[in-house]
Amino acid sequence: MELVKRVEIFANYVEVGKILEALEKAGVPEHTVIKNVVGKGRGGTDSDDLAMTLLDNIYIIAFFPPEKLPLVEVQIRKILNKFGGTCFISDAMELNTTKCVG
C-alpha cells in the first residue's frame, strides 16, 4: 500500500472546467466528476430535480502524492475563494494491485 492524499471538492457545475484545470496545473491529472450532487450544507438544502442545470452541484474526487499538497492547496483555494465551493483533503492508502492481463 502507498500513502496518498485524497481531495474532495463540492462546487457549482459552472466551475468544473476551472477546477479541473487547477488540478491539472497542480500535477493531479486523474479525477472523477459526479454531476447533479444533492445534499445539505451550510447553505441549506439543494433541489433534487432530475433536470441538469448550470446551478447544479458537482463532486470531484482525486488522489495525488503527498508532496503535491502545497500546490494543490494553492490552486484550489484560488478557485473556491473566487467562485465558492467546499474542499476537503485527507490521507488515504492506495492498494497496489496486479495488472489484469486476461
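Student: Is R6 buried, exposed or partly exposed?

Tutor: Happy to start there, and keep in mind that this is a predicted model. R6 has a relative accessible area of 25%. Buried requires under 20% and exposed over 50%. R6 falls in between, so the class is partly exposed.

Student: Which residue forms a salt bridge with R6?

Tutor: The closest N and O atoms of this pair are 3.5 Å apart, and the cut-off for a salt bridge is 4 Å. The partner of R6 is E8.

Student: How many salt bridges does a search of the whole structure find?

Tutor: The pair of R6 and E8 is one of them, and K5 with D91 is another. The count for the whole structure is 5.

Student: How many residues apart in sequence are the parts that K5 and D91 tie together?

Tutor: Nice one! K5, buried at 17% relative accessibility, forms a salt bridge with D91, with the closest N and O atoms 2.5 Å apart. K5 sits in strand β1 and D91 in strand β6 (residues 86-94), so the parts they link are separated in sequence by 86 residues.

Student: What separates E73 and R77 in helix α2?

Tutor: These two form a salt bridge, with their closest N and O atoms 2.5 Å apart. E73 is partly exposed at 36%, and R77 is also partly exposed, at 45%. Because they are 4 residues apart in helix α2, the separation is about one helical turn.

Definitions and conventions. Residues numbered from 1 in each chain as written. Predicted model: local features only at pLDDT ≥ 70, side-chain atom pairs only at ≥ 80, totals over all residues. Heavy atoms only, no water. Buried < 20%, exposed > 50% of the residue type's maximum accessible area, 1.4 Å probe, protein only. Salt bridge = Lys/Arg side-chain N within 4 Å of Asp/Glu carboxyl O. Helix = DSSP H or I, 4+ residues; strand = E, 2+ residues; numbered from the N terminus.
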